[in-house]
Amino acid sequence: MRKAAIMSTLNLRTKILLIVLGISIAAVAAMVMIVNFLIEPRLEEKLQKRGASIAHAISTQCINPILTRNLLQLDLFFHEFDEAEKDVKYLFVLAPDGSVTAHSFGREFPVDLKTLSFKLSPEGFGIARIRDAGRDIIDISVPLLEGNLGRLHVGMAAASIKSDVNEILESFGGIVILFALSSLLILYFMEKWVIKPILEIKAVSVRVGNGELGERVTVRSGDEIGVLADEFNRMIDSFKKSREVIFHEKKLLARSEERFRTIIEMSPISMAIISMDGTIDYINRRTVETFGYLPEDIPDMARMYVVAFPDEAYRSVAMAQYVDLVEKAIAGNREIERSEYRVTCKDGTIKTMVIFGVPVGDKVFLMFEDITTRKLAEEEIVRLNSNLEGLVAQRTEELSRINRDLASFCYAISHELRAPVGRIKGLSQALQEEWAENPAAAEYCAQRIEVASSELQQVINSVLQLSRLSQSSFVPQLLNLSVLVREIAGSLLSETPDRQVDIIIADDITARGDSSLMRLCLENLLGNAMKYTVHQPSPRIEFGRDGASGAFFIRDNGIGFDMAHADHLFEPFIRLHLEEEYSGSGIGLATVQRIIERHSGKIWAESSPGHGAAFHFTLAPSYGVIHDV
Amino acid sequence: MLVEDNIDDQFLTKRTLRKAGINSISVAGDGQEALNILLTSGEPLPELLILDLRLPKIHGLKVFAELRRQERTKALPVLILTSSDDPEDRETCFKLGAIAYLIKPLELNELKRLLSRS
């Protein structure tokens, strides 16, 4: 297995080389084995047999010379034979007594041959191997005359076997070279036709895999490799084409997604995209504007629930409602039903939202409709309807009160007009009657007529002034009351040059109000203060603002009044003092009160007889309610 | 007795009364003074009270009601002399038993007619 694993990691070229090399080595090894284990023993056997046949042939010719003791002749014969036969190294006869009868060695016989031990072959001849330096001989011996004459030894040159083997090996070597050459040839063509194209296809496929789609295999042949290359090129082409198509479609998709996203982003409706795991993937611009939350404020639904529904009881209700509707929509494969939620915005305001949407794949697409205004309007309608009857009753009551007030005001006016008119009438009659007899009385009557007439004039003027109050335009603006009071005080003092009044005015007192109405109001209050301090030896009038209550005040050290009558103070034509002593129309404070009421303010007085009076008033900063006069 | 705050009205009414032969006339300048004289001063009651309504300190109607409540002045003849022609005031005064409700100034003929009737 490991071998296979190693093999599989080697490249194709190495594999083929290894196989060819392996086969070659195996072939050579096989040849050497064949020569060594098959051919060489055979050659040796053949040499032994030839030796044996030579020994047999010679042995018959030896007997006679030995018996005849013609040993010299035998030596010669041996010598000649030895010379003639190349593979015969020597011939000798060893007598039973151990002496050498005849031999082919010439002068000196090698002594070691005398004690040569041999083994017997199945055919009956002896075999021995002499192998030492310079000698490699197979000794074949046969008995002479049943051994009586000793044994004939023939030495066969074993070196010839070696040379034969070498010869065979040499011829085998040629085959091996041929084999090697053909292997190389095969390798070459395999390299050229198979390996190289396959490697090229491989290299190209690697480059194509890396995205170089312009690459092409350049293999040109008609065989299977060529077809493979062509098919491979075609495959790249179609791959490239489909990749271009995919690329184009991806671009189209991206563009359409971009357009879609822009539509959602710019939509006048609040929208959000939420993953099934609760991640809030996206909220559009309008959602941010509506709720104030940025995407990082609400990364997921869990966080959103906490911030948008801070009240825990309501949160669990809202969560249950939402989860239920989304599950129903997914199960029924339909829209998420519209339902109302009271969502707390980042700035803490609570908005009533209708939330609806649709599950799309693994996302939920939500839309939010702000119905806060509508909801408030609906609630207002319900409230107004329920209040309408009460409101009508209240208004009717108010109107009848105003009517009553108006009626009593009319009688008050009529009285104020009638009083001087009646006096003038009576005095005129008296004047006529006294004219002749009592001129002094007549003159008195004439004087009193003048007084009553100016009284009448004053009443008429005051009534006209009061009636103008309700008609005059009301333009609130920032007024410096200190400056206004100073102006009025200046003109009042200039009308009575004989009086010395200490007037103290606090600086920079400002308020919002109608300039001409406030002037009229302050004129009346200051006029009263001037009037009721007339008998005071060191008269003092103060204007200022109370630090604690913020109310403005005009205070004098005049005669003051009994607080028991304070209720009627601001009613028209009510006088707390004798008319003769303190002249006045009787509607000054009524006018003041109406002006203050028109400024949504309040006026009240504090006094005690002989200890001066203080009139306090406030002016509302806004004039939402303007009272009818 | 005349209850009147305005000096011209006092002058004119007294003049008319004198013309009708009534010379003994006491005068009160406001409601409080009138009640003081009639209820607590111990002076004898006048034959007739001529009462204005719009009076300083205590309104004429209140003075009238107080007089009617007090045993001493319960039956005192009261003539209302005012400048106001308020129907409510007029009704209240007649309920309290005023002998007349007259608008100023006091006419001699009217006074004579009333005096002759009573």
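The model is predicted: local features need pLDDT of at least 70, side-chain atom pairs count only at pLDDT 80 or more, and totals for chains, interfaces and linings use all residues. Residues are numbered from 1 along each chain as its sequence is written, while chains are lettered from A and ligands numbered from 1 in the order in which they are written.

A:S600 sits in the loop between α13 (588-598) and β17 (603-607) of chain A; helices (H or I, at least four residues) and strands (E, at least two) are DSSP runs numbered from the N terminus. Its phi is near 55°, a positive value in a residue other than glycine. Most residues other than glycine have a negative phi, and most peptide bonds are trans.

A:L145 also has a positive phi, near 50°. The loop between β5 (135-143) and β6 (151-157) of chain A holds A:L145, which is exposed, with 12 other C-beta atoms within 10 Å.

In chain B, the peptide bond from B:K104 to B:P105 is cis, with omega near 0°. B:P105 belongs to the loop between β5 (100-103) and α5 (108-117) of chain B.

Note on methods: Buried ≥ 20, exposed ≤ 12 C-beta atoms within 10 Å, placed from the backbone.
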